Amino acid sequence: MNRSLDELRQEAIKKLEKISGDPLREYMELFSLATGLSKTHALTNFFEVNSKRIEDLRLLETYISQRCTGVPLPYITGIEGFWKKEFRVTADTLIPRPETELLVELILSENKSKCLKVLDLGTGTGAIGISIAEERPNWKITATDISLFALRTAKINSRGLKNINFVQCFWLNSIGTSFDIIVSNPPYICDNDPHLKYLRYEPRLALEGGRDGLGPAREIIKTAKKNLVDKGRLYLEHGYDQKDDVTQILRQSDFCTIKSYKDFAGHDRVIKAHS
Ligand code: GLN
């Protein structure tokens, strides 16, 4: 049996190499998910292979096959790390991306007031709003999404937090109050972008921004002022080639002090503007 465990591991890693840049880590995570054992057990044969374990290892093979057909790892494990914790993800939510942490980082470092009201539009898993809420217990966060399924997941992710509430709505429609900060990572991929074929497991709703990818950003910018206090701040994530277009839309809507930020890969990724 030891030999076949080694074989199983080697074969699985060889398969995962074709799809993943980090096959060993992915194998360890899937092993842990299937067996309930720690990730380090994945590299040893130090466990009893009883009938329950044989079932577990079959399940592991199913996970490996799913992964090899292109299902992103977080949609199999149901979790993805963002900022300082693990977020539950489902087929109804985008997988939080590391570059989105820039929004959280900027909002925390540039806004020092004790009590601020923040609106996170299109929260998905809740990654942005929940991370801010955890870091600033005195701030009040409202997080929205059009998808009730996404909101259900975000609520689960926010368990234990008292300073965040959730609202189902389309961007700023039906938001009545004003905020110091509005933040969003809206869908910003063009409908015909070839990259969409690599993102076929993520919800279209969370990815596609219309013909030029800027539909949601335009909608948010055009309506944000009514829900921002005087000198309120709008922080938006955008596509690597959308900085000039977003800047122009912000100017047309009378936003000022527009500032752009690059992500760790050196791409223009976030824009901030004052109302
Ligand atoms: N705000 C969420 C995130 O950044 C979801 C974004 C989206 O669905 N476009 O992960």
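Visitor: Why does A34 count as buried?

Guide: The idea is to count neighbours: a residue is buried if 20 or more other C-beta atoms lie within 10 Å of its own, exposed if 12 or fewer, and partly exposed in between, with C-beta atoms placed from the backbone. A34 has 21 C-beta neighbours inside 10 Å, so A34 counts as buried. Before we go on, a word on the source: this is a predicted model, where local features need pLDDT of at least 70 and side-chain atom pairs count only at pLDDT 80 or more, while totals for chains, interfaces and linings use all residues. Residues are numbered from 1 along each chain as its sequence is written.

Visitor: Where is A34, and which residues is A34 in contact with, leaving aside neighbours within four places in sequence?

Guide: A34 sits in helix α2, residues 23–35 (helices are DSSP runs of H or I with at least four residues, strands are E runs of at least two, and both are numbered from the N terminus). Contact means that two C-beta atoms, placed from the backbone, lie within 7 Å. Leaving out neighbours within four places in sequence, A34 is in contact with D56, L59, L60 and Y63. From A34 to L94, 60 residues along the chain, the C-alpha atoms are separated by 23 Å.

Visitor: What about E86: buried, exposed or partly exposed?

Guide: E86 has 13 C-beta neighbours inside 10 Å, so E86 counts as partly exposed. You'll find E86 in strand β2, residues 85–88. Beyond four places in sequence, E86 is in contact with I79 and G81.

Visitor: How is the whole chain divided?

Guide: Into domain 1 (2–71) and domain 2 (92–274), with bounds from an automatic or database domain assignment. Their centres, taken over C-alpha atoms, are 37 Å apart. The chain has 10 helices and 9 strands, and buried residues make up 37% of its 275 residues. Its C-alpha atoms fill a box of roughly 70 × 40 × 30 Å along the principal axes.

Visitor: Which residues of α5 are buried?

Guide: In α5 (residues 101–110), L103, V104 and I107 are buried. They cover an arc of only 100° around the axis, which puts them on the same side of α5; the arc is that of the directions from the helix axis to the C-beta atoms. These buried residues pack against α6 (127–135), β6 (179–184), β7 (228–237) and β9 (268–274). The face turned away carries the exposed S109 and E110.

Visitor: Which residues touch the most other members of the largest nonpolar core?

Guide: In general, nonpolar side chains tend to be buried together in soluble globular proteins. A nonpolar core here is a set of buried Ala, Val, Leu, Ile, Met, Phe, Trp, Tyr and Cys residues joined through C-beta atoms within 7 Å. The largest has 49 residues, and V118 and I182 touch the most other members. α6 gives the most to this core, with 5 residues. Apart from it lies another core of 10 residues, including L30, L60, Y63 and I64.

Visitor: How many residues surround the ligand?

Guide: There are 13, and the closest are L94, P96, G124, N185 and A206; a residue is near if its C-beta atom, placed from the backbone, lies within 6 Å of the molecule.
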